[in-house]
Amino acid sequence: MRFLTSLIFIGVLATAANSDVTSRNGGPSNSQMLSKGSDGGVDGVAFFRPVLSGVLYRSGFKGGDKGRTGLSNAQRETLCDEGFSAGFYADFGKNTEYGRTSCGNGSFDYQNARSSRPGNVMAAIHEVIEDPGKGPVLVHCMWGVHSSGALSAMALVQFCGWTEERAKEYWNDARNGAPCSGGCDQWIDSKFSNFSVDPSLKISGEQQAAICPK
């Protein structure tokens, strides 16, 4: 009986965590940012992790996305229902049909992105920060470790005042030991070489306190 009660309690916690993606509750913990086991309540998703509470999440696909087709209609509808307003497929979606998915809670705008050209992703994140009624953004890539992590690291520099060094350490810790073509230091350095903080996207200290990591 005690074992069954524990399972029910864990299930309730998992459900609550998945349904609370819009809450700006003071920022995720380090363990939440590096968690390896969550799918965010979306079938087929892997490494679903918070970056900025209620504003930005990241993920990949279980087993990768070998067809480069991106999120399915069912996955987009689930994300829309959970409150997400936008999603970006970083670097790999060459066979993906992008567009807007409507649901009872609003709509989910699915777009492509490049980790070497992060401007449109940063602008979308800023729009969500400035509008508390707008649902969060999901950034994903094929596996959920390299490109989605790079854009997430840049967001931490842009919106939370992290140093580039700290952001790169986060990226490295969150890539789960996955290899990088040409070496991992060189890979992430090349991405950050095309990134700089945009003063027009500056946010307040109060906003940072609500969303940035603890």
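## A tour of the helices and the sheet

Helices (H or I, at least four residues) and strands (E, at least two) are DSSP runs numbered from the N terminus. The model is predicted, so local features need pLDDT of at least 70 and side-chain atom pairs pLDDT 80 or more, while totals for chains, interfaces and linings use all residues. Residues are numbered from 1 along each chain as its sequence is written, and side-chain values use heavy atoms, without hydrogens and water.

**Stop 1: colour by confidence**

Colour the protein by pLDDT (the predictor's confidence in each residue, from 0 to 100). The mean pLDDT is 92, and 91% of the residues reach 70 or more. Now select residues 1-18, where the pLDDT is below 50; apart from near neighbours in sequence, this stretch has four contacts in the model (a contact means heavy atoms within 4.5 Å).

**Stop 2: the sheet**

Display the strands next. In what order do the strands of the open sheet lie? The six strands follow the order β1-β2-β6-β3-β5-β4, and their pairing is mixed (two strands pair if DSSP finds at least two bridges between them). At the edges are β1 (45-52) and β4 (99-103), each of which pairs on one side only. From one strand to the next, the twist averages 20°. In general, strands of a sheet pair through backbone hydrogen bonds, either parallel or antiparallel.

Select β4 together with strand β5 (residues 106-113). Five bridges connect β4 and β5 in the antiparallel sense, and a hairpin of two residues joins β4 to β5. Here Cys103 has Gly106 of β5 as its bridge partner, and Thr101 stands opposite Phe108 of β5.

To find one of the places where they meet, select Ala90: its bridge partner in β5 is Ala113.

**Stop 3: two residues with positive phi**

Select Phe47, which lies in strand β1. The phi of Phe47 is near 55°, a positive value in a residue other than glycine. Continue to Asp91, in the loop between β3 and β4. Asp91 is not a glycine either, yet it has a positive phi of about 80°.

**Stop 4: helices on the sheet**

Which strands does helix α3 (residues 73-82) lie across? They are β1, β2 (56-61), β4, β5 and β6 (137-140), and α3 runs at about 60° to β4 (axes are lines fitted to C-alpha atoms, for helices over the stretch in contact, and angles run from 0 to 180 degrees between N-to-C directions). Helix α5 also packs on the sheet, touching β1, β2, β3 (86-90), β5 and β6, and its direction makes about 170° with that of β2.

**Stop 5: the partners of α5**

Show helix α4 (residues 119-130) beside α5 (residues 147-160): their axes come within 11 Å and cross at roughly 55°. The two helices are therefore oblique to each other (under 35 degrees is roughly parallel, over 145 roughly antiparallel, 65 to 115 roughly perpendicular, the rest oblique). The crossing of α4 past α5 is right-handed. Select Val121, Met122, Ile125, His126 and Ile129 of α4 with Leu151, Met154, Ala155, Gln158 and Phe159 of α5, which make this contact. By class, these residues are eight nonpolar, two polar and no charged (nonpolar: Ala, Val, Leu, Ile, Met, Phe, Trp, Tyr, Cys, Pro; charged: Asp, Glu, Lys, Arg; polar: the others, Gly among them).

Return to α6 (residues 164-174), whose axis comes within 9 Å of that of α5, crossing at roughly 150°. This is why α5 and α6 are roughly antiparallel to each other. From α5, select Gly149, Ala150, Ser152, Ala153, Leu156 and Val157; they meet Glu164, Ala167, Tyr170 and Trp171 in α6. Seven residues of the contact between α5 and α6 are nonpolar, two are polar and one is charged.

Finally, show helix α7 (residues 184-192), where the axes of α5 and α7 come within 11 Å and cross at roughly 55°. As a result, α5 is oblique to α7. Helix α5 passes α7 in a right-handed crossing. The contact is formed by Ser147, Ala150, Ala153, Met154 and Val157 of α5 with Trp187, Ile188, Lys191 and Phe192 of α7. The contact of α5 with α7 has seven nonpolar residues, one polar and one charged.

How values were computed
Left-handed = near helix turned anticlockwise from the far one by under 90°.
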